[in-house]
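Welcome! Please take a moment to look over the sequence and the 3D structure shown here before you read on.

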Amino acid sequence: MEFQVTNSPFNQEQVELLNRLLPTLTDTQRIWLNGYLAATQGSAAAASVGAAPVAPLATAAANAPVISKEVTVLFGSQTGKSQGLAKKVTKKLEEIGFQVSLSSMSDFKPNNLKKIQNLLVLVSTHGEGDPPDNAISFYEFLNSKRAPQLDDLRFSVLSLGDTSYEFFCQTGKDFDKRLEELGGKRLSPRVDCDVDFDEPAAEWINSVLSSLSEASTVAVTATGAGAAVASGAESEYSRTNPFQAEVLENLNLNGRGSDRETRHLEISLEGSNLQYEPGDCIGIYPENHPRLVDELIEAMGWKSDELVTINKNGEQRALHEALIRNYEITVLTKPLMEQVAKLTSNAGLLELTAAGHEQDLKTYLVGRDLLDLVQDYSLKGIPAAEFVAVLRKMPARLYSIASSFKAFPDEVHVTVRTVRYEAQGRERYGVCSVQLAERIKAGETLPVYIQNNPNFKLPENPETPIIMIGPGTGVAPFRAFLGEREEIGAEGKSWLFYGDQHFSTDFLYQVEWQKWLKNGVLTRMDVAFSRDTDQKVYVQHRMLEKSAELYKWLQEGACVYVCGDEKKMAHDVHATLATIIEQEGSFSPEEAAEYLTRMQQQKRYQRDVY
């Protein structure tokens, strides 16, 4: 809205100044200014002809309840996204004069909850609606009988999730509901973010900052007005501004005759100023398969060169290019089905998405893509511009980094298993993995960024023993761990449990493990090749065979790291660890579970599972 003399208490000169200034302000500057005006309540009125006196406004501000300027920000994060956003909102709050306590949920003392007036919760949902590892203890406390009444609490929740999962943002929803049940009042409504979380997260942050500023008499300091200056070492490239990185090498790690194809990519970061630590991830923005895009365009009766809008800024691209790069077309989600049903008024879709048909919808979503949807429900003829407007943006694929930056400066290595399968009578494939396997050669580029993961890190003390459990591509971060420990000359013992199908064709990075065993960087290694024996043997079986020695390492303070499939492998490994602790330590099942919980709280048990 533009100020005018007729719609404001300002004179012409002031109106012109305000109209020039306000559009140039950043969100931080607007919020700072809002706090400044609140803090200077009762000051002289603006010198404006016929302006209303400011006394009523000042009186209202003076009579409003004064809210504490202290804010607690808690995060529950598996891959570091929620933690990154928590740091961002903390920084913005500090810039406008708030005192902020930032903590992971696992480090927070739950009994302090009743002392807090302002609480911000940022949490992801893991697996099938579960809290991330570092949120479990706080989540359980909050939902126990020990949780206190929180009548003086003002809170807001930002939840991260993925609409392709049934229990989308469930952990955030649970926190929001429970805090209200305990008497808390919302500072700002909960926001649930899909994989493309930047815009809704930014809106939530601004809403929270605005609510806190309006309710608090913010003490303004000279340093509050300016935004923090970025460090000279900080890269300009990020999730929203990926770096076009050259692929230096693209190799198949599996031997001839293997049922599997695992690509090892070496990617140059030269010129990006991007850096990483072992345990971090690389995000790659993939492209949809051109064949699937062509089939979709034909099935819908569209024209490849038709222009469609791809973002809120109104930028346009040819339809074919937009479907290749900008939109997800291989995954169907419940929100997408509901939007398409509403857009098309298709009777079959309206029935499938109606209340009472939840199980039918869940069954339909499995293994189907957008081409299935338009063919199954005869959606041909819907204008492309309307249809793509309801599609999700193409999400980046995150992969555990398989290299040490110290060992390979300005490079990042990644290990990706190619996904191919058949469903509904048609060949399907992993969007990114097949692109890397079939359509990316050395010398070509990929849009990438680094996703820091503070929740999967080597121990600070290089003498601490480490136990690494990573079958298949789950071994990738442990190649980074050992490469790092070799570079820094770490003295601590290390033990790797690795498994795959066949020794002869599927032993990923075999030569490197043997080199590290020989020079002592890797103390011991146990392997399980499930298809080489009559009875299938997995990493958890090898762990049980060595249970006495493994428990001895735990008693010596070893850190345990697990990477790989969350649904099966990680669950079995967790149960095996509990069994080993119970048997070797003569504990009850409950005591063994508490032992593992303490390890998690001490950051001695960390998982990177997917």
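This report walks through the whole chain, a sheet, a hairpin, the cores and some aromatic rings.

**Before we start.** What you see is a predicted model, in which local features need pLDDT of at least 70 and side-chain atom pairs count only at pLDDT 80 or more, while totals for chains, interfaces and linings use all residues. Residues are numbered from 1 along each chain as its sequence is written, and side-chain values use heavy atoms, with hydrogens and water left out.

**The whole chain.** The protein chain holds 22 helices and 21 strands. Helices (H or I, at least four residues) and strands (E, at least two) are DSSP runs, numbered from the N terminus. Of its 610 residues, 49% count as buried, where buried means under 20% relative accessible area with a 1.4 Å probe, protein chains only. The accessible surface comes to about 29000 Å², and 49% of it belongs to carbon and sulfur atoms; such areas come from the Shrake-Rupley method with a 1.4 Å probe.

**An open sheet.** Strands of a sheet pair through backbone hydrogen bonds, either parallel or antiparallel. Here, 6 strands make an open sheet with antiparallel pairing, in the order β12-β9-β16-β7-β8-β13. Two strands pair if DSSP finds at least two bridges between them. At the edges lie β12 (397-400) and β13 (411-417), each pairing on one side only. From one strand to the next, the twist averages 40°. Helix α15 (residues 431-438) packs on this sheet, and its direction makes about 70° with that of β12. Angles like these run from 0 to 180 degrees between N-to-C directions, with axes fitted to C-alpha atoms, for helices over the stretch in contact. Contact means heavy atoms within 4.5 Å. To zoom in on one pairing, find β9 (residues 281-284), which joins β12 over 4 bridges; I284 stands opposite R397 in β12.

**A hairpin.** Strands β14 (residues 420-423) and β15 (residues 426-429) are antiparallel partners over 4 bridges. They form a hairpin with 2 residues between them, and Q424 in the turn has a positive phi of about 55°. A423 stands opposite R426 in β15.

**The nonpolar cores.** A nonpolar core is a set of buried Ala, Val, Leu, Ile, Met, Phe, Trp, Tyr and Cys residues joined through side-chain atoms within 4.5 Å. Which residues touch the most other members of the largest core? Among its 38 residues, they are L323, L373, L379 and F387. Helix α8 (290-300) is one of those that supply at least two residues, and the largest share, 5 residues, comes from α8. Another core, of 26 residues, lies apart from it and includes L550 and V562.

**Aromatic rings.** A pair of aromatic rings is described by the distance of the centres and the angle of the planes. Rings of Phe, Tyr and Trp (its six-membered ring) pair if their centres lie within 6.5 Å; planes under 30 degrees apart count as stacked, over 60 as edge-to-face and the rest as tilted. The whole structure has 24 aromatic pairs, including these two:

| Pair | Centre to centre | Angle of planes | Type |
|---|---|---|---|
| F481 and Y561 | 5.0 Å | 85° | edge-to-face |
| Y551 and Y595 | 6.3 Å | 40° | tilted |

F481 in helix α16 and Y561 in strand β20 are 80 residues apart, and both are buried. Y551 in helix α20 and Y595 in helix α22 are 44 residues apart; both of these are buried too. Elsewhere, F108, F138, Y139 and F175 form one aromatic cluster.

Conventions: Buried means under 20% relative accessible area, exposed over 50%, partly exposed in between (1.4 Å probe, protein chains only).
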